[in-house]
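Please read the following note with the sequence and the model side by side.

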Amino acid sequence: MKNYAIKEHHLYNKAFRRGERYVTKTVAVYVLRDYAAKRLMLANPQKQYLNRVGLSVGKRLGGAVVRNRAKRLLREAYRAAEKACGIKKGFLVVLAARDEIRGKKTADVTRDLSRALRALGMTEDKS
RNA sequence: GAACUUCAUCAAACGGCCGCGCGGUAUGGCGCCGAAAGGUAUUACCGUGAGGAAAGUCCGGGCUUCAGAGGGCAGGAUAGCUGAUAACGUCAGCCGCAGGUGACUGCCGGGAAAGUGCAACAGAAAUAAACCGCCUCACACGAGGUAAGGGUGGAAAGGCGAGGUAAGAGCUCACCCACUCCUAUGGUAACAUAGGUUUGCUGUAAACCCUAUCCGAAGCAACACCGUAUCGGGGAGUCUGCCCGACAUAUUCCCUCAGGUGGCACGGGAGUAAUCCCGAAGUUUUGCGGUGACGCAAAACGCAGAUAGAUGGCCGUUCACGACAGAACCCGGCUUAUCGAUGGAGUUCCUUU
RNA sequence: CGGGGUGUGGCGCAGUUGGUAGCGCGCGACGUUUGGGACGUCGAUGCCGCAGGUUCGAAUCCUGUCACUCCGA
């Protein structure tokens, strides 16, 4: 299941300003209901709701290699979290890398991310 | 064996499972998003997928656009010679200077005898000379001569000896040093060597400047096409430092309210297709030419093309335990960062034979 | 992609034809005051972002480099 990426700058601003937030050492998660979700659902040939996921990795984190590494970790963690417990659809999700992510492994980031998603009520199984 | 010099290569490897971009084949779909242009699936398989610096953006070239001749000024760049190259500020060889026992390394390495400027402090004086000293005159004050000696300075009128003199001085002479010009020999040349000749001249051109050579400008967010568009609003002309110029023209053009595709990732041809053929500032190997940079020929191999931006994750094995670091129009260099590993060539010293 | 600017005491800034590195605030000591503030006097503090070079001599000139920052498409 692929995800649409967020490209527009104003959507990032919206998510940061109005979205629900949960911050861990490695990653900060912002979630906002996607107003265009229905339209996107219709555009999609499978007719399924999707999450639009954006990655925010600041320049202060490091050079291009470090930033790429951070984005890969976030993507992999999101994928793992979705596979493990499922994620509600129809939202804008912004994952912002924080300084601690440097040198971390996937397991660490995945743990933080699933904790954040559970706290925000984004997981599908309520058990 | 030790200490070095230099050139080149590599940039952890292998296996399993999951995942990503692009291309292709099959499958699937003819729907949906959008005003339009246009965009977009699911699954399976196959192929392919970051660097030596991809970086800094310091040079050069390609490519694209600027309506249409040209000329001048300004400005900028380069700086031993000869060559290599598409071109270069790059590279190669040589010359000169400096450093090293040596292999070798470094050099923004034209002109100060075209002109102008600047040289603090110290010092008597800084491009021109009399403070002390020496000599002559004079009782003395002082006047004149003198650049051998002292002291200052980064730099003080070339060095040493003899002659000469009141004391001295290239003032004269011999030798040496530097420099200008000329000649000869060698070299394509820079230049080197030898001889003659003029002169005895501070440094600075990474101060202005002079000389020689070169340069139109802007950049893929360029630009082209489609759409907006038979609409509305705003701005101003059209080689992008300044001036001159021919003017008869050509066309209005650009921005915004709205974006999309191409450019763009080998190209062309044949074929339904697999595939085949041809071509290229690619790489490697071999051969030939050249001291070398490099050139020519043949063969083989390879071809990332994203657009919030694709190479990752987990597990296992091995080892030297993994540095610097991520393509964004393309190519040739330069500069900077970098854990280490391997190989070639060479130098000096020690030991043994 | 293209074009600029700035790095100087703890902080904010000066520093031009290259010649002993300065100002304000702050800091320390002393004086004044019963004590503090204010005021006065004195003082300390600098590899002039880093590395080379030109020059007798460099914050200044040249080359390279690092960091921060601004502008345009």
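**Note on the predicted model**

1. Helix 4 is followed by Gly-121, whose phi is positive, near 70°. Helices here are DSSP runs of H or I with at least four residues, strands are runs of E with at least two, and both are numbered from the N terminus.

2. On the source: this is a predicted model, in which local features need pLDDT of at least 70 and side-chain atom pairs count only at pLDDT 80 or more, while totals for chains, interfaces and linings use all residues. Residues are numbered from 1 along each chain as its sequence is written, with chains lettered from A and ligands numbered from 1 in the order in which they are written.

3. Overall layout. Chain A contains four helices and five strands, and from the N terminus on its elements run β-α-β-β-α-β-α-β-α. Of the 127 residues in chain A, 28% are buried. A residue is called buried if 20 or more other C-beta atoms lie within 10 Å of its own, exposed if 12 or fewer do, and partly exposed in between, with C-beta atoms placed from the backbone. Among contacts between residues at least 6 apart in sequence, 79% join residues at least 24 apart; a contact requires that the two C-beta atoms, placed from the backbone, lie within 7 Å.

4. Which strands pair with strand 5 (91–97)? Strand 4 (residues 52–56) pairs with strand 5 in the parallel sense over five bridges, whereas strand 3 (27–33) pairs with strand 5 in the antiparallel sense over seven bridges. Two strands are said to pair if DSSP finds at least two bridges between them. Elsewhere, Ala-28 stands opposite Ala-96 of strand 5.

5. Burial of strand 5. Why is strand 5 described as largely enclosed by the rest of the structure? The reason is that seven of its seven residues are buried. Both of its faces are covered: one side carries Phe-91, Val-93, Leu-95 and Ala-97, and the other carries Leu-92, Val-94 and Ala-96.

6. The crossover. Strand 4, helix 3 and strand 5 together form a left-handed β-α-β unit. As to the convention, a crossover is right-handed if, with the strands pointing away from the viewer, the path from the first strand over the helix to the second runs clockwise.

7. Gly-86 lies in the loop between helix 3 and strand 5 and takes a positive phi of about 80°. Gly-86 counts as partly exposed because it has 13 C-beta neighbours inside 10 Å. Gly-86 and Ser-114 are 28 residues apart in sequence, yet their C-alpha atoms are 10.0 Å apart in space.

8. Helix 4. This helix has 14 residues and reaches 20 Å from its first C-alpha to its last, close to the expected 20 Å. Its buried residues are Val-109, Thr-110, Asp-112, Leu-113, Ser-114, Ala-116 and Leu-117. What covers them includes strand 2 (20–23), strand 3 and helix 3.

9. The nonpolar core. The largest nonpolar core has 28 residues, of which Val-27, Val-29, Leu-74, Val-94, Leu-95 and Leu-113 touch the most other members. Such a core is a set of buried Ala, Val, Leu, Ile, Met, Phe, Trp, Tyr and Cys residues joined through C-beta atoms within 7 Å. Strand 3, helix 3 (64–85), strand 5 and helix 4 (106–119) each supply at least two of its residues. The largest share, seven residues, comes from strand 5.

Technical notes: The expected span of a helix is 1.5 Å times one less than its number of residues.
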